[in-house]
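Let's take a walk through this one together. Have a look at the model first, and then we'll go through it piece by piece.

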Amino acid sequence: MSSARSGSPLNRGRRTHSRIRQAAAAALASAALLVTSACSGAAADKDADRAAAYRITDKTPATTGNVNSFTWSVYAEPTTIDYAYSFDFPPNQILSNVCESLLRWNPDLTTSPGLAASYTNPAPTTWVYQIRPGVRFHDGTALTADDVVASLSRNLDPETASVWANQYKNVKSIDKTGPMEVTVTLTKPDSTFNKYLAAGPGTVESAATLAKSGKDYGNPQTGVNCTGPFSFGSWTSGQSLTLKRFDGYWNQERKAKSGEVKFVFLADATTRVNAFQSGEVDGGWMVPPNAYAQLGSTQAGKLYFGRNTTVADEVVANLKGPLGDPKVRQALLMAIDRKGIVKAGAGGVGEVSDSLVTDNLWADAPPATREALLKDLPKYPYDPAKAKALAAEAGVNGQEVVIATSPLDSQTTIITQAVAQAATAIGLKPRIDSLSAEKYTTLFTDPAAREGIDLFLTFWYTSITDPLDMFASLETGAFSNYGNWSDPAFDAAVEKAVGAYDPAQHAAANAEAQQIASRELPWLPLYTLPVSVFMGKKITGVQPSIAYLYYPWAAEIGAKG
Amino acid sequence: MTAAATAATTCAVRVLRRLAGMAATLLVTSFLVFSSLFLAPGDPASFLIKGRSPSPEDLAALRSQYGFDEPFLVRYWNWLEGVLHGDLGRSYLFHQDVSSVIWSRLPSSLLLIAVSGLMIAVFGIGSGIVGALRRGSRTDRSLMLLVTVGAAAPAFVAALLLRSVFGVQLGWFPTIGNGEGLMDRLHHVILPAAALSVTFTALVTRVTRSAMLDELGRDHVEVALSRGAPRRTVIRRHVLRNALGPIVTVSALLVSGMLVSTAIVETAFGMSGVGSLLVQSVDQLDFQVVQAVVLLVVAAFVVVNALVDLVLPLIDPRTAAAGSAR
């Protein structure tokens with residue numbers, strides 16, 4: 001989706017993951033440590049200077065009061081803010097402040113009640129949600145079970161073609177079982193369904209508005225009518241989208257500190273950085289890595305890094321070519337200078353990863369599982385000579401591989417060059433195919449666009465705190481399984497994890513899937529990176545975290561002293 | 001029939017012919033574009049399903065909902081019928097009517113083009129005239145050097161330079177957005193318009209200079225000058241007037257083609273317009289929008305061409321005489 005790729009030059013990926021690396025050893029000691037350990041790796045082989053170069057911030061300095069308004073840059077204009085089509089950084093970071101879900105994904109990546117005040121799971125296939133009383137939509141009407149049923153049911157309707165349909169694939173029915181109670185019945189146990197209700201799939205809109213707006217719902221003319229701390233203000237196509245503080249917000253403690261937020265759409269990375277420095281824009285998520293140094297030392301504001309679930313991966317899109325042999329994929333990964341990529345391409349902000357998911361997705365796993373994971377995870381240290389030998393053994397001898405890229409940012413260019421170099425090093429013949437940013441996004445949605453392409457880069461994040469979000473997308477036949485990879489043992493592990501509600505069993509099955517994925521490498525994990533956010537000198541208060549895609553982060557931004 | 005009536009009839013026939021020709025051009029273009037979209041690899045339905053693993057039934061339902069399963073000619077006919085009724089269709093990417101998608105972006109594109117067009121006319125024609133009149137001088141040589149550099153400078157390089165010097169360092173102009181209200185909009189559009197017009201200005205300077213030189217070298221001009229007619233009058237009446245034909249034609253074509261060349265500049269300055277819309281829609285196979293934008297561009301060409309044809313006789317009556325003699 002345009003999104004899926006998350007588009008931009010910066011990020012094309014979408015959901016998932018976690019990384020498992022030595023740093024997790026520190027996290028094992030105490031779950032609480034996770035917060036800070038994610039990036040300040042404890043293992044001895046990490047360069048001290050690199051670890052010191054950046055750190056994760058949980059909460060930026062407290063605000064000193066309210067502000068009238070602030071301006072925020074987004075790298076692309078959403079095509080709509082209908083939650084059923086919102087699955088990418090641009091729409092989600094806006095919508096998260098306007099529309100709320102049944103549950104809430106917090107900046108520390110935990111999940112807590114949202115528009116559902118409580119919920120129970122009386123049987124493995126039954127989830128019962130008690131709707132929070134006293135909540136009002138932006139038009140003043142009260143939230144009831146009808147609204148929840150109408151909102152969730154859209155994800156089941158093929159005519160809607162919701163991007164969240166996959167998350168609803170095990171849902172049999174969604175029923176109102178009381179004025180303020182909704183019951184979801186599953187066709188089989190699904191351990192992630194409830195978790196997804198903290199993200200886009202759990203979004204609640206007024207049933208009356210959905211009926212009234214029809215096909216125009218969520219477009220610039222009609223907007224949306226939800227329950228969040230900000231209401232939809234106006235949307236000038238191609239320019240900006242303005243939100244206004246909602247005075248009737250149910251949670252007075254979390255009321256927005258800003259009267260207005262204006263999102264401006266700035267596709268060009270340099271344009272965004274210039275706008276930060278000149279003060280024309282007060283802030284933005286996803287700072288271009290080549291501007292880290294510049295923005296880290298500017299008087300114009302402050303750059304922060306936060307918790308993330310993103311891994312940069314090279315997707316293997318063609319398993320019929322030379323990369324069809326797992327040995328070749330392993331050799332290629334071993335020949336990629338990933339430390340060099342982090343240093344040159346990511347401004348030194350990131351950690352090499354041998355897993356497709358980040359550590360902090362394992363928060364619910366028992367320590368023993370995590371320890372075993374770390375110990376047994378196949379590792380691919382940089383070793384071009386060994387890689388070449390391995391590739392030769394697999395019969396690599398000058399075959400061509402096509403690497404797709406998009407020239408719009410330096411990070412992507414550098415990674416692509418490094419991968420091409422690695423391919424050459426193991427005896428393949430790389431050809432770089434450069435696509436426009438828009439065209440690049442189609443690699444994530446259209447099999448025809450992937451034809452003739454062997455590898456492409458993605459920054460893949462998970463929308464929930466569970467490695468399964470990543471692994472399920474590599475199941476046989478899954479939409480995001482771009483190379484049509486298939487491994488019966490992997491599928492079995494994923495299915496086991498889907499059906500396992502018990503945290504220990506769930507983690508064990510996930511660990512099994514991870515083991516296979518890291519050995520077979522349907523995608524090549526490169527490195528993990530933190531979320532980045534820049535705020536100008538006028539404002540502060542945000543909690544930097546990937547949760548900004550579903551959490552009302554803008555409400556926390558206020559005046560800086 | 002009187003001579004006047006005959007002339008009027010001939011004129012009406014010409015106008016009708018012209019209109020028919022314009023309609024035919026648009027029709028043929030629309031058909032070509034419609035067919036070429038079918039040749040483009042990819043299936044719009046695959047964009048609609050986004051992150052899903054749809055069942056074949058779901059996919060079929062979706063395709064029929066959007067009419068993707070209809071035969072080509074039926075789809076073309078349905079579309080054409082809609083356009084004739086003023087309905088440009090619906091963008092599946094933006095979830096709104098194509099007309100509102102385009103309409104929301106058109107004003108900023110038109111302002112950008114208008115300001116660029118003005119810059120091209122003033123600086124391009126102006127420096128072309130100066131160069132021709134001072135042929136071989138230091139001024140002429142410097143202008144020609146600038147023109148060579150300008151013609152080779154891609155718009156994005158110009159945009160980067162202008163933005164960093166006049167926007168970021170000097171702070172004279174805003175670097176992003178379209179602005180609100182006329183004055184603010186003009187303030188916002190100056191840098192992008194300058195970036196966009198650099199290459200075109202250089203081309204127009206060249207055309208103007210050589211057209212002027214051609215005219216300057218003609219016998220009647222030399223005779224007039226040698227007989228002591230005032231230089232200023234000769235240049236205005238005989239040189240400039242005759243040279244204007246090619247200059248106007250080239251300038252008009254350049255400006256009408258600008259609608260599609262704005263994409264890069266729009267991106268660099270965070271503006272939204274029809275150029276970037278076209279690029280986005282082509283890449284995402286948003287058929288309806290691509291169709292409408294291409295038609296709009298072709299219509300602009302056709303209309304500008306017609307206007308040039310109407311204006312040329314006013315500048316140089318010989319054109320009209322030649323036309324009716326045919």
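A disulfide here is a pair of cysteine sulfur atoms within 2.5 Å. Searching the whole structure turns up one disulfide over all chains. This is a predicted model, where local features need pLDDT of at least 70, side-chain atom pairs count only at pLDDT 80 or more, and totals for chains, interfaces and linings use all residues. Residues are numbered from 1 along each chain as its sequence is written, and side-chain values use heavy atoms, with hydrogens and water left out.

The disulfide runs from A:Cys99 to A:Cys226, with S to S at 2.0 Å. It links distant parts of the chain, 127 residues apart: A:Cys99 sits in the loop between α4 (89-95) and β2 (103-105) of chain A, and A:Cys226 in the loop between α7 (207-213) and β8 (230-236) of chain A (helices, H or I, at least four residues, and strands, E, at least two, are DSSP runs numbered from the N terminus). The torsion about the S-S bond of A:Cys99 and A:Cys226 is about 65°, so the disulfide is right-handed. Both A:Cys99 and A:Cys226 are buried, meaning under 20% relative accessible area with a 1.4 Å probe, protein chains only.

Now for the interface. In chain B, 38 residues are in contact with 45 residues of chain A, contact being heavy atoms within 4.5 Å. How many salt bridges are there between chain B and chain A? The count is two, where a salt bridge is a side-chain nitrogen of Lys or Arg within 4 Å of a carboxyl oxygen of Asp or Glu. B:Arg90 forms a salt bridge with A:Asp216, their closest N and O atoms lying 3.1 Å apart.

Terms used
Chains lettered and ligands numbered in written order. Buried < 20%, exposed > 50% of the residue type's maximum accessible area, 1.4 Å probe, protein only.
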